[in-house]
2 protein chains.
Amino acid sequence: MSGTIDELLKNPVSFLADASADEDIAISTRIRLARNLGGRAFPIAATPESDLEVCELVSRAAAESGALGCPECFSFDPAELSELDREILLERRLASREFIAKTGGTRLLVRSDESCSIMINEEDQLRIQALRPGFCLDEVWSAIDRLDDELGSRLDYAFDSRLGFLTSCPTNVGTGMRASVMLHLPGLVLTGQIGPVMQGVRKLNLAVRGIFGEGTDNRGNLFQISNQTTLGESERQIIDHLKLVIDQLITHEKNARRQLLAHDRYGTLDHVGRAYGVLLHSYKLSSEEALQCLSGVRLGVDVGLFSGLDIHLVNELFIAINPAHLQKAAGVSLGEPERDIRRAALCRERLKPRV
Amino acid sequence: MSGTIDELLKNPVSFLADASADEDIAISTRIRLARNLGGRAFPIAATPESDLEVCELVSRAAAESGALGCPECFSFDPAELSELDREILLERRLASREFIAKTGGTRLLVRSDESCSIMINEEDQLRIQALRPGFCLDEVWSAIDRLDDELGSRLDYAFDSRLGFLTSCPTNVGTGMRASVMLHLPGLVLTGQIGPVMQGVRKLNLAVRGIFGEGTDNRGNLFQISNQTTLGESERQIIDHLKLVIDQLITHEKNARRQLLAHDRYGTLDHVGRAYGVLLHSYKLSSEEALQCLSGVRLGVDVGLFSGLDIHLVNELFIAINPAHLQKAAGVSLGEPERDIRRAALCRERLKPRV
């Protein structure tokens, strides 16, 4: 139970679905549970000593759990990592911005395949996460439920028989659960339907965010849809409600793509082709534009306009183009202009047609 | 002395310079002379009968001239051509918009290699043109001077000993000459110097226009620089003045390109690469964007960033992407959306890397 970021980086990107019948629109499924230990101050009010004790207690419980796959799991003390390494954790969706900003008393445990992880002393003492490619709420729920049971049997969770699990922020009290599905919706964006559709989603009491959380909008045409409420509904109800909405969004997106191909085939080809052209021929490329172009190319692969391109490559680039991954691969810290040059070089090199 | 537009189209594009030490910036040189016959009403006031007589008189004189290479020359009666064929003449710079709009009483004589031509009954009875690739005012002047002498010895030009040649519009009285050089100035455009530089050119009493005359701005980063005045200066003075200014503009452009490569190499690579990417991967392409991208690619070839690309191909596309040439090649009349699709297909097909 240890490991380095360099070891972690040997993993292929685990949370992006390959294009396949059902997985081309739903990119990934994620559930996180917020938990705290009874009789202890929550992180916001805890002493450094208490934080460390919590790190120890949770790590010990996790070490004995099968769901996290320890001892073949990673354990990171963010305070000992460089800023760049901490950003890597963020870009791989293993840690939150708030978590990596903390300067001590935290710990991150990660299953070796990155499918499960625990942030210790983020906003809550435990933030347990399960993350898988594709649309698989049931599978992800069983994985996290098992891990939660294993931890719960070894730790004394703060639980109120009336309210449920107690959390730092009242919005998480109850199930402490946030379930989310990341959708790739270029069809709805290109046909201009995304606005009204997402308004509808919000009215169903679901949250809509970008790939890296709030404020990242619809970068790369990626949308995370998640439940807003944790109180008054069971985990099963939350999942079933989300599943229903995601199913509808996937149907909407499929219709939009059909519509594009039927009514604006050349416009769609043009969109996809130009995206590919930029990735293949630019020498300066921002993260945002790269994501946008990768989205275009992915759409092309999904709808069968691109036969020769390997979707694994596109998925790999979705992560590799991010600032920290880019700098880590370069082995040096780079300013934004240098990153844009290197990002373009990476895309040209990886995507160039092989003879 | 006859011929069809289809025969004309077999000619390679004759007026675009290949990239070479001196020709990469000055694309082409053109001189035209305005002439009229003495004792006859000028076209604006002439009867249809007089127009036809002028056509006959000039055609007969031209048939005997060596400079036009008759009888192996083309003679077109625009009234007998389709609208599309007339547009072809415009796109090949053999006729003016005003000329092809006339519905009768005109004639166009063209040397088989398109280097010399005579519009009969445009604004003036004769508009004699010589057009060559590169920066070659002296060469073009000898060619047109010879043709003018040959015609003048057979025709009775309207000439006033004090004013010089008489023309329909007072701005052409005197030499009746307009000499122009088409420059490709992407360096000055990219470095933002084009505005002040062109303001300076205008102050020197020269006109600045786009590739297809007024109103086409700096499409494709192409600028036609020509003399404004025809009165009070000899042909030699006009040419020498123009030569001096063009030499300076070429120096400015070379400096701008050096500056770009020295201070923003990646920005320049990016500009060139993206232009190539659009030409190679788009499926809808307007004339304007195509010209802009061809300009970018030509810059890349000129400064040595593109070694594999054939400049003849780029020159050919500069003409082939124009609406009439595109429709002529397709063999059908096409609306703008269809043209954009076909233009993109043409560029993809012609520019795709050969194995």
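Glu316(A) is located in helix 11 (residues 311-320) of chain A; helices (H or I, at least four residues) and strands (E, at least two) are DSSP runs, numbered from the N terminus. The model is predicted, so local features need pLDDT of at least 70 and side-chain atom pairs count only at pLDDT 80 or more, while totals for chains, interfaces and linings use all residues. Residues are numbered from 1 along each chain as its sequence is written, chains are lettered from A and ligands numbered from 1 in the order in which they are written, and side-chain values use heavy atoms, with hydrogens and water left out.

With a relative accessible area of 31%, Glu316(A) is partly exposed; buried means under 20% relative accessible area, exposed over 50%, and partly exposed in between (1.4 Å probe, protein chains only).

Chain A is superposed on chain B by a rotation of 180 degrees with 0.0 Å of shift along the axis (RMSD 0.0 Å).

At the interface, 18 residues of chain A are in contact (heavy atoms within 4.5 Å) with 18 residues of chain B. Of the interface residues of chain A, 100% are also interface residues in chain B, so the copies meet through the same surface. The area buried between the chains is about 1,500 Å², of which carbon and sulfur atoms give 65%. Buried area is the accessible area (1.4 Å probe) that two parts lose on being put together, summed over both. In chain A, the residues losing the most area to chain B are Arg274(A), His281(A) and Tyr283(A), together 38% of what that side buries.

There are 4 salt bridges between chain A and chain B, a salt bridge being a side-chain nitrogen of Lys or Arg within 4 Å of a carboxyl oxygen of Asp or Glu. Lys284(A) and Asp264(B) form a salt bridge of 3.4 Å, N to O. Helix 9 (residues 265-281) of chain A supplies the largest share of the side of chain A that touches chain B, 11 residues.

Over all chains, 50 salt bridges are found. Arg92(A) and Glu114(A) are joined by one of 3.0 Å, N to O. Arg92(A) lies in the loop between helix 3 (83-91) and helix 4 (97-101) of chain A, and Glu114(A) in the loop between strand 3 (107-111) and strand 4 (116-120) of chain A, so the pair ties together parts that are 22 residues apart in sequence. Arg92(A) is buried at 4% relative accessibility, and Glu114(A) is buried at 3%.

In chain B, the side chains of Arg257(B) and Glu253(B) meet in a salt bridge of 2.6 Å, N to O. Both residues lie in helix 8 (residues 235-263) of chain B, 4 residues apart, about one turn of the helix. Arg257(B) is buried, with a relative accessible area of 6%, and Glu253(B) is buried at 0%. In chain A, a network of salt bridges links Glu122(A), Glu123(A), Asp124(A) and Arg127(A).

How values were computed. Least-squares fit on C-alpha atoms with pLDDT ≥ 70 in both.
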